[in-house]
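Please read them with the coordinates open.

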Amino acid sequence: MSDAMPWRFVERAAELTVLDAAMRNAMGGQGRFVVVEGAAGLGKTSLAREAAAAAEKAGFRVLSGRGVELEREYPFGVARQLFTPALERIGPAERRKATSAGAAVAVSALGIGGPDGPVAAVGEFAVLHGLYWLTANLSQARPLMLMIDDLHWVDMSSLRFLAHVLPRLEDIPVLLLGTVRRNEPGPYRRMIEQITTDPACVSLRLGPLSEESARRLVSAAVGEHADADFVRACCAAAEGNPLFLRELMRAVDAERVAPSRANVGRVRRLGQRAVARSVAVRLAQLPAPVVRLTRAMAVLGEGADLAVAARLAQMPLADAGQAAILLRGVEILRVADSAGPAERWEFVHPLVRDAVYGAMDPAERTAHHTRAARLLRGEAASTEKIAGHLLWSLPGGDPDAPAVLRAAAAGAAARGALPGALAYLRRCLAEPLDQAERHAVLLDAGAAAMGVDPAEAAEHLDAAMAGAADPRHRASIAVHRGMALWIVGRAEETAAVLRQAMEGLPEDDPDLRRRLAALMLNIPLCLTGWSHLLDTVPDLRRLPPADTVGARMLNMMIACIEVFDGDPRGVEAALEAVTDGWLDREAGTGMGVAQAAAMMLLTGDVEAGMGFVDAGLAESYLKGSVVEATAHHAYRMIGWLFRGDLAAAAADAGEAMRGIEENGLDTARPSVAGHFAEVLVERGEPARAQAVLDWGEAPPVIRSTGLTFWYVQQGRARVARARGQHAEALEAALEAGERFAASGGRNPALVAWRSEAALCLRSLGRAEEARDHARTEVELARRWGAPRALGRALRVAGVVAGGEQGLEMLREAVDVLRPSSARLEYAKSLTGLGAALFRCGRTGEAQEALREGMALAESCGAEPLADSARAVLRDTGVRPPRKSASGMEALTPSERRVAGLAAAGSSNRDIAELLFVLPKTVEVHLTSVYRKLGVKGRAELAARYPDPPRNP
């Protein structure tokens with residue numbers, strides 16, 4: 001058979017055109033992610049390599065990696081394939097630039113300079129953040145292509161990197177190119193589907209060859225005078241798959257099958273087993289030692305060291321070298337691309353390796369993996385590579401296996417690769433362990449699973465609790481198991497676990513008892529039907545003071561209950577805890593405590609609240625807690641909403657939603673969705689807000705358990721009212737109030753359902769009911785005292801009251817809000833006051849209030865409100881400009897922060913890294929700043945900041 005046959009790019013011109021366009025976009029600074037999908041053998045790898053070669057000619061820096069089935073648990077394995085050789089090849093100056101700031105964390109995690117060197121313990125989120133900046137930094141000198149073959153076998157940590165960088169490609173010159181087999185079963189299929197179905201991903205789905213092309217290729221292989229039925233049988237057997245067709249032709253050639261009608265049945269029998277058959281035929285013609293080396297290579301995996309393969313095959317290295325040359329000649333092996341000193345080989349295609357590996361007896365395979373692990377230990381190979389073979393061996397075959405697996409898990413956890421750590425620990429639990437060691441491994445597995453699958457964490461911790469004799473130790477484990485159950489929405493089980501632990505705890509451990517009591521108080525705040533737990537609060541308040549973690553946690557949760565009820569003393573307790581710093585020192589000691597403090601400070605309009613959230617976000621990125629980072633993005637979104645910075649709120653909402661989706665944090669959906677929907681309504685996007693609300697209650701557990709579901713209902717009320725659906729809005733507002741009250745909630749700063757209902761009732765002609773709801777909210781807001789809630793309550797009460805009484809309430813709302821940070825609410829009160837003044841004939845006062853309200857609404861990004869103020873202004877006889885917000889006062893809080901950093905000399909990338917936003921977000925903010933201040937660039941901006949703050 002001729003080697004010059006045109007197999008590789010038949011019928012692939014359209015795909016090459018798409019790849020060329022993606023390359024040009026990336027060169028222009030608009031990053032792209034292209035995935036080539038298709039069954040094995042359709043030419044995905046050839047297409048990707050052709051694109052990589054074209055990119056290199058065009059000036060791209062091309063980094064490549066490949067998923068390998070045997071290395072699927074190797075932490076950040078493919079990320080290391082991509083970046084380690086690149087960083088080792090570049091010069092010191094370029095390397096310093098590439099690994100600056102946040103990227104340095106990724107370099108440490110990747111183990112640059114030696115995979116077994118000391119690695120500082122970091123969290124996965126910190127590594128993902130660092131890998132993004134490493135990618136961005138490497139793309140600054142010239143465009144960057146990351147080519148990843150066989151995504152279906154890529155390790156979970158590297159998949160998370162792809163998911164993390166995907167939405168951040170928009171403004172960096174990077175082309176991500178991946179190949180993946182469609183519908184490939186495996187543990188990470190959901191993550192792969194999430195990546196490949198993302199709207200930002202361009203998918204090229206390769207189909208089989210047409211019958212005409214297949215017939216041409218077969219005829220070229222067997223001769224133009226072949227029998228037509230034989231040619232058709234070959235095409236049908238291969239089903240248009242180029243690789244299967246090629247290997248079928250190899251088998252036909254090797255077995256000297258004549259291309260006649262008599263051999264049609266024989267061709268059909270070969271069918272899609274052509275690859276395995278072709279490989280088997282080629283190996284059958286080789287000496288036994290060569291076959292042994294082939295099997296050893298299949299066990300060791302891609303890029304195996306020939307010397308190690310020789311020892312595993314029990315043959316001299318010189319003989320192994322000759323055998324490898326023979327295998328290259330029959331197109332089974334090829335020399336691998338590697339930068340190391342050792343000669344490494346790989347199979348010409350994963351299906352060829354699969355054919356060799358699959359032909360081995362299962363007992364032979366597991367025995368080879370066990371021997372490979374022992375061999376690699378003697379070679380001082382990385383612990384993870386040794387553990388990788390133990391994953392494929394039978395338990396009990398190696399007495400050192402538990403120690404190796406635990407060491408590999410510890411190394412993976414230190415790099416933030418919790419999925420890999422968990423895989424090693426699961427396998428370790430299958431080993432014959434003594435009771436103490438099993439208990440320790442269960443605890444480690446529970447800790448690792450908390451960042452991967454909290455439901456699995458609960459199972460491991462349940463088993464650990466069963467093996468704990470000391471009630472104090474059981475209670476301590478119960479704290480973490482309760483956290484795991486809580487995260488996945490199993491609140492009733494959480495309550496049962498915590499109650500059981502508390503009942504078995506000796507009386508002489510008051511701190512742990514208080515910690516358990518604090519966690520119990522989370523339940524009635526978020527779950528209907530558990531309000532009886534609030535009856536314990538008076539007794540808990542009377543406990544003697546103590547300066548312990550448990551006492552502080554309990555005090556914080558009591559303060560949270562006070563805030564739910566609208567008692568302002570809770571804010572004082574939260575502010576004291578934040579100022580003291582104990583929340584930072586004891587991060588992770590209990591679920592929801594830091595988040596409760598954040599919400600209390602934000603709803604209390606305490607200026608320190610945003611600083612606390614910013615600091616918490618930075619800390620969560622540093623230590624790599626996905627759960628905490630997602631929560632802090634969510635709370636920062638709420639803080640920006642409360643302050644009226646809608647663009648910044650939307651940016652953080654996007655980060656929070658991605659964190660929830662990527663990590664299954666479904667219990668956070670209602671709060672994020674409800675608040676983000678309000679942001680979108682204020683921006684004039686009710687349809688998008690509706691879609692966000694649907695996302696917010698997607699899991700059935702949300703509606704059935706009531707976990708903060710009042711936020712979704714409040715959001716639905718806002719969306720329905722914006723669309724003029726007042727009856728539907730009223731129903732949603734009343735349900736929000738009912739659910740909130742069932743959790744002991746009365747504070748309108750948390751859920752302003754009464755003011756929402758009042759506006760709906762007014763529109764429905766039920767004026768007296770509207771006034772009753774509005775009056776009650778004013779009373780509750782006065783008790784709470786924070787400006788945003790009180791100003792809103794007064795505004796709504798003024799609107800529904802009308803007349804002079806309504807005017808007085810609106811004036812009071814303006815006075816309350818003027819000195820506050822609640823700029824959007826202040827704009828609403830000004831606009832409402834202006835409209836009321838105009839109706840009373842006080843045109844001059846009305847125009848002044850409307851102008852200020854319109855300018856504020858524009859600066860907040862609240863276009864519907866600005867348009868409303870503009871329309872009333874026109875009615876007063878004024879022709880307002882379409883856009884009037886300008887000057888320093890027109891800047892939103894986030895714009896002020898970005899402008900100050902830019903004026904101080906920070907680049908867009910520096911600012912983005914400091915604030916944990918995308919460079920594109922910084923660019924949008926600066927564009928708005930330049931427009932509002934009337935400046936043309938950074939030089940003029942710096943002149944407006946004679947002494948710019950370094951960290952505004």
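This is a predicted model: local features need pLDDT of at least 70, side-chain atom pairs count only at pLDDT 80 or more; totals for chains, interfaces and linings use all residues.

The points below go through side-chain pairs, secondary-structure packing and salt bridges.

1. Aromatic pairs. A pair of aromatic rings is described by the distance of the centres and the angle of the planes. The count here comes to 6 aromatic pairs. One of them joins Phe564 and Trp710. Its geometry is edge-to-face, with 6.0 Å centre to centre and 80° between the planes. Phe564 belongs to helix α29 (residues 549–565) and Trp710 to helix α39 (residues 710–722), so this contact ties together parts 146 residues apart in sequence.

2. Phe740 sits in helix α40 (residues 726–742) and Phe564 in α29, so the pair ties together parts that are 176 residues apart in sequence. Phe740 is buried, with a relative accessible area of 1%. Ring pairs link Phe564, Trp710, Tyr711 and Phe740 into a cluster.

3. Charges over rings. Which rings carry an arginine over the face? Tyr74 is one: Arg80 lies over its face, 4.8 Å from the ring centre. Tyr357 is another: the charged end of Arg365 sits over the ring, 5.1 Å from its centre.

4. Strands β2 and β3. Strand β2 (residues 61–66) is mostly covered, with 5 of its 6 residues buried. It pairs with strand β3 (residues 144–149) in the parallel sense, over 6 bridges.

5. Helix α8. Which residues of α8 (residues 189–196) are buried? They are Met191, Ile192, Ile195 and Thr196. Seen down the helix axis, these buried residues fall within an arc of 125°, so they line one face of α8. An α-helix has 3.6 residues a turn, so residues three or four places apart point the same way. The strands are β1 (32–37), β4 (174–180) and β5 (201–205), and the helix is α7 (156–165).

6. Val335. This residue lies in strand β7 (residues 333–335). At 38% relative accessibility, Val335 is partly exposed. Glu346 is 11 residues away in sequence, yet the C-alpha atoms of Val335 and Glu346 are 6.2 Å apart. Leaving out residues up to four places away in sequence, Val335 touches Arg328, Arg344 and Trp345.

7. Side chains of opposite charge can pair when their charged atoms come close. The model has a count of 62 salt bridges. Arg205 forms one with Glu37, and the closest N and O atoms are 3.8 Å apart. That pair links distant parts of the chain: Arg205 is in strand β5, Glu37 is in strand β1, and they are 168 residues apart. Glu37 is buried, at a relative accessible area of 7%. Glu655 and Arg168 meet in another salt bridge, at 2.5 Å from N to O. Glu655 is in helix α35 (residues 646–663) and Arg168 in the loop between α7 and β4, so the pair ties together parts 487 residues apart in sequence. Glu655 and Arg168 are both buried.

8. A partly exposed salt bridge. Arg377 pairs with Asp400, with the closest N and O atoms 3.5 Å apart. Arg377 lies in helix α18 (residues 362–378) and Asp400 in the loop between α19 (383–390) and α20 (401–414), so the pair ties together parts that are 23 residues apart in sequence. Is each partner buried or partly exposed? Arg377 is partly exposed at 27%, and Asp400 is partly exposed at 40%.

9. Salt bridges that share partners join Glu682, Arg718, Arg721, Glu756 and Lys828 into one network.

Conventions. Residues are numbered from 1 along each chain as its sequence is written. Side-chain values use heavy atoms; hydrogens and water are left out. Rings of Phe, Tyr and Trp (its six-membered ring) pair if their centres lie within 6.5 Å; planes under 30 degrees apart count as stacked, over 60 as edge-to-face and the rest as tilted. Helices (H or I, at least four residues) and strands (E, at least two) are DSSP runs, numbered from the N terminus. Buried means under 20% relative accessible area, exposed over 50%, partly exposed in between (1.4 Å probe, protein chains only). A charge sits over a ring if NZ of Lys or CZ of Arg is within 6 Å of the ring centre and within 35 degrees of the ring normal. Two strands pair if DSSP finds at least two bridges between them. The arc is that of the directions from the helix axis to the C-beta atoms. Contact means heavy atoms within 4.5 Å. A salt bridge is a side-chain nitrogen of Lys or Arg within 4 Å of a carboxyl oxygen of Asp or Glu.
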